[in-house]
Amino acid sequence: MEAASRLLCRISLLLLWLQPGLGRTRVVQAAPPGFIESSCPSRIFWVKLDKRFLQGKFFSLELVDPSGGIVLLDEQLAARCGYVLSEDVWGNPIFRASVLGCHVANKADELFSLTINIKVSSSPDMRQAATYTYPMYCTYSPWAPREIVCEENYMEVSVKSDVPAISDDDTATWMSALPEVQKVEYQVWQLIFLSPSGSTKIMVSDAAKLGYSFNNTLARVFLRAPYSSNESKLAVVNGVSMSTVSSTSMYKQRWLLLLIDTTVSCPIDGTSFTDTAVTWTLPSIIPTLVPQEPTFVSKNISVGVDGQRIMHPVQNYILEHNKTHIRITIPIGTAGGRLKSTVANGVHGVIYSINLFLEHTWTDVDWHMTKYTVIKPITTPFMPRIPTVINNTLPEKRTFDVAFGSFLPDVSLVTITIGNVPLSPGEAEHHGYKVYEIPFPNGTKGFNLEVPFDDPAVLKEYVNRNETKYTLRVNYTLDVGPEMKPYNHPAEVECVVADIELPEAVGYCDKENLYLAVPVSALYQHWNLYIGNKLLNQQTVLSNRYLLTTNSTHLVLQVPLFTMGIIYEEVSFQRLKTRFDLALRKANTLETIKTFSVSCNFNSSAFIVCYPNGTVTVSAPMKTIPSINMGKTKLKDSTCKPKEFNEEQAFFQFHVSTCGTSLKFAGDHIIYENEISYEREILPAWGPPRITRDPDYRLTVLCYYPTKERLMHTAIVSNLPTNGSPPFGYGTMMVRSNVSGHRRTRQVLNIIARVSKDESFMELYEPNLTIVKPSLEPMFFEVELKDEEPNVELHLNNCWMTGSSDFKSTSQWNITVDGCGNENNKSVTEFYPVSVSRRVKHPAHFKRLAVRMLIPLLGQVHLHCTVTVCSPPKVSSGNIWTCGGWCDPTRKRMDQHSEPYSSLHGYVLAGPVWIVDPEPTEEKNI
């Protein structure tokens with residue numbers, strides 16, 4: 001009756017299993033070659049499906065029951081019936097089944113068979129799926145009295161169940177009846193679960209509802225339990241967490257009571273990781289499985305990977321075994337496992353996976369032998385592996401050689417971004433770059449990049465003295481791992497090459513100038529030239545009376561002997577030793593790289609040197625007829641005599657605070673003035689002077705110092721003979737009183753001449769500023785007397801233009817003659833009236849004129865003027881007085897003064913003004 005009931009139940013289940021397939025066509029066909037591989041290690045069906053046949057498809061597994069039913073494999077069924085569906089480290093689907101599984105046909109506990117259906121479809125609903133039926137067979141013998149399997153999702157214990165011996169006469173009868181008895185035996189088996197709170201006894205049918213699977217074979221009883229059941233408990237054994245189900249299987253009939261220990265215990269962790277190895281630790285003795293530990297004897301320990309036993313684990317693994325632990329250490333990257341590249345939070349790294357199993361056989365007094373098998377898939381945490389950029393550049397090749405790596409074979413280079421332009425490896429080749437893979441002996445690889453220094457994307461910077469720093473900025477984009485995750489890695493490499501040749505200057509001199517010739521190759525690309533702290537540009541050249549010429553190879557700077565920037569190394573009566581320095585500075589940092597110098601000796605009879613510390617050195621020449629005794633010359637303080645002298649010159653040296661030197665402020669300069677004179681001998685020596693043979697000899701010495709800077713300037717030396725020729729200086733006027741008497745006094749007038757921007761005379765060019773005017777356009781000049789005395793008048797005598805600032809320049813043309821405008825074939829002069837304004841307090845102190853060139857003239861011009869400053873008589877007779885007369889239509893000057901008047905004479909200079917082509921120009925550095 002019980003057998004009939006069980007058969008009916010199986011028929012009902014078969015109908016239920018077949019019902020979901022109604023209305024669908026099942027296509028059964030042979031599996032493609034290589035799609036399915038199977039083996040049977042350690043009483044486990046082991047099936048691998050090649051993932052290449054499943055790309056872009058969906059699959060499911062069905063179990064064919066020995067009775068003919070078909071069951072779809074799901075997670076709940078797998079844990080209860082002894083099945084595992086997972087992947088190996090390469091992503092191939094893996095199916096494992098215990099030979100004691102629910103749908104395995106068992107013949108005498110020695111031959112086992114299982115048939116599965118593999119359904120493959122292109123649709124997730126599995127319609128029109130191809131079905132591949134795959135039968136498997138496994139033999140396993142002999143069994144150990146107790147065998148335990150610790151799988152990923154279940155624990156299984158199988159023990160031998162001995163029965164009393166049967167007599168020879170009844171053997172055939174009992175053996176023929178045994179299959180029918182087997183069908184109903186499970187109904188009377190009961191399970192007793194032991195826990196600290198007590199014991200729980202349940203029927204086998206109730207245990208199945210809790211996820212357990214219990215059954216018996218011809219000679220064995222087995223229990224399969226999930227890891228997370230209510231009856232399981234966690235315990236730590238020698239540092240390893242274990243999940244344990246303590247149970248006793250009980251078979252009870254009126255004439256027989258059979259109790260079998262079906263306790264099972266499996267590790268749930270025990271793995272640890274370093275950057276180089278994986279360690280798996282298990283306890284040697286599990287107390288719940290070996291109650292009498294002193295009788296424990298370990299017989300054999302074997303290790304395998306993916307179901308394949310390793311014959312010599314010592315070659316790749318470190319297997320340690322002592323009384324407490326079994327420890328396996330696997331170097332990361334060992335064959336059998338898989339090292340996979342991946343990206344986590346933008347960081348490149350690797351993950352190592354390996355599927356291990358361990359089989360431990362021992363004996364103890366309670367169980368003659370126990371075979372303990374653990375299957376353990378291990379995957380390390382993410383391990384960062386930051387790629388390294390290695391600069392293998394050789395400067396002499398002038399090409400960046402950059403290695404980037406190392407990477408596993410599952411990494412591919414997608415693009416390289418250079419100069420903000422992403423390029424594929426093929427496109428990079430077209431741009432003149434070289435991109436290629438570098439294989440390494442350990443199976444990894446790198447990517448090599450070669451970029452010439454001269455490529456526009458390479459940054460170039462001048463550094464140190466004669467070196468160029470080349471910088472290559474590159475961004476690598478990679479596809480990482482089987483998932484092809486994008487990964488970006490920026491890199492910057494540098495190479496400093498001594499490939500810049502510093503220029504070498506050549507210096508020489510003539511009688512009046514010093515010269516420096518500097519090569520212009522790469523000059524303004526890396527450096528600029530400086531005189532002191534001033535950049536050598538057009539303004540500096542013009543304001544200091546230098547002459548600068550340039551050709552295709554060299555820049556030649558001509559420096560007059562007495563001008564800004566001259567260094568006087570030795571000033572003596574015998575010679576004048578001077579030096580001129582030109583600094584080569586970095587254009588970006590102004591660091592001085594090199595100083596070019598030219599030093600020469602000059603034999604000059606007339607010079608003045610105004611030192612920055614206030615010391616003045618003067619060499620005064622003898623320019624009188626008849627000659628005088630230069631040893632009797634003196635400064636204003638008659639105690640200041642020449643330091644050295646001869647028949648032709650006298651050498652003075654004094655400080656501006658001594659020897660009667662006077663001080664005057666004019667604009668942005670301090671003017672120190674002294675005078676070298678010679679006192680004539682008069683006969684007789686007493687009484688009114690009657691006769692002298694000595695000429696009047698007076699030299700005015702002026703030193704100009706800027707009020708804002710302590711720079712060394714030179715000054716003029718002017719000879720003042722008795723005929724009253726006016727002294728002159730740059731931008732100032734030297735005058736001398738014309739009052740009779742044997743002791744003449746001297747006055748200094750502060751007169752300046754400047755250039756106006758237009759005819760309004762509202763804006764004037766600042767001193768020392770380069771002035772550029774187009775050819776044929778008028779030039780506007782203003783001469784001003786800096787004096788608060790209202791009853792004086794400024795008058796222009798003669799004005800002329802020259803190409804230099806030299807008062808005696810021979811190349812000149814007149815602008816005014818005797819105060820009247822002078823028309824000639826070169827220019828036209830026009831005077832402008834002056835009235836009171838914000839700038840003008842006394843119009844008589846100003847003269848304004850415009851000069852218009854009639855013919856094209858290029859180059860620099862200077863305006864020279866001799867002037868007269870007049871004052872009215874101290875006692876007026878009521879007559880009209882004038883200063884310099886006036887001009888009639890015939891352009892003849894009419895002298896109208898009727899009474900003597902006081903006057904001072906002087907000289908003034910304006911310019912230079914650069915005349916250029918009419919095209920617009922702009923100032924730039926030379």
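How far apart are the sulfur atoms of Cys-799 and Cys-865 in their disulfide? Select both residues: the two sulfur atoms lie 2.0 Å apart, and a disulfide here is a pair of cysteine sulfur atoms within 2.5 Å.

Before going on, note that this is a predicted model, in which local features need pLDDT of at least 70 and side-chain atom pairs count only at pLDDT 80 or more, while totals for chains, interfaces and linings use all residues. Residues are numbered from 1 along each chain as its sequence is written, and side-chain values use heavy atoms, with hydrogens and water left out.

**Stop 1: Cys-799 and Cys-865**

The link is right-handed, with 115 degrees about the S-S bond. It joins distant parts of the chain, 66 residues apart: Cys-799 is in strand β66 (residues 793-802) and Cys-865 is in strand β71 (residues 859-871). Strands are DSSP runs (E, at least two residues), numbered from the N terminus. Cys-799 is buried at 0% relative accessible area, and Cys-865 is buried at 1%. Buried means under 20% relative accessible area, exposed means over 50%, and partly exposed is in between (1.4 Å probe, protein chains only).

**Stop 2: Cys-40 and Cys-138**

The disulfide rule gives a count of seven. Another of them joins Cys-40 to Cys-138, with an S to S distance of 1.5 Å. The two ends are 98 residues apart in distant parts of the chain, with Cys-40 in the loop between β2 (36-39) and β3 (44-49) and Cys-138 in strand β10 (residues 130-139). This link is left-handed, at -65 degrees about the S-S bond.

Why does Cys-40 count as partly exposed? Its relative accessibility is 27%, and the partly exposed class lies between the buried and exposed limits. Cys-138 counts as buried because its relative accessibility is 2%.

**Stop 3: Cys-640 and Cys-659**

Select Cys-640 and Cys-659, whose sulfur atoms are 2.0 Å apart in a disulfide. Cys-640 sits in the loop between β51 (615-621) and β52 (644-645), and Cys-659 in the loop between β53 (649-655) and β54 (662-666); the two are 19 residues apart. The link is left-handed, with -90 degrees about the S-S bond. Cys-640 is buried at 13% relative accessible area, as is Cys-659 at 10%.

**Stop 4: Ser-302**

Is Ser-302 buried or exposed? Ser-302 is buried, since its relative accessible area is 9%.

Show side chains here. The side chain of Ser-302 makes a polar contact with the side chain of Arg-309 at 2.6 Å. A polar contact is a pair of N or O atoms within 3.5 Å; within protein, one must be able to donate a hydrogen and the other to accept it, and residues adjacent in sequence count only if both atoms are side-chain atoms. Leaving aside neighbours within four places in sequence, Ser-302 is in contact (heavy atoms within 4.5 Å) with Arg-309, Phe-357, Leu-358 and Glu-359.

**Stop 5: the sheet from β41 to β45**

Finally, colour the four strands of an open antiparallel sheet, ordered β41-β42-β46-β45. Its edge strands, β41 (506-509) and β45 (547-550), each pair on one side only; two strands pair if DSSP finds at least two bridges between them. β41 and strand β42 (residues 513-519) pair in the antiparallel sense over four bridges. To see this pairing, select Gly-507, which stands opposite Leu-516 in β42.
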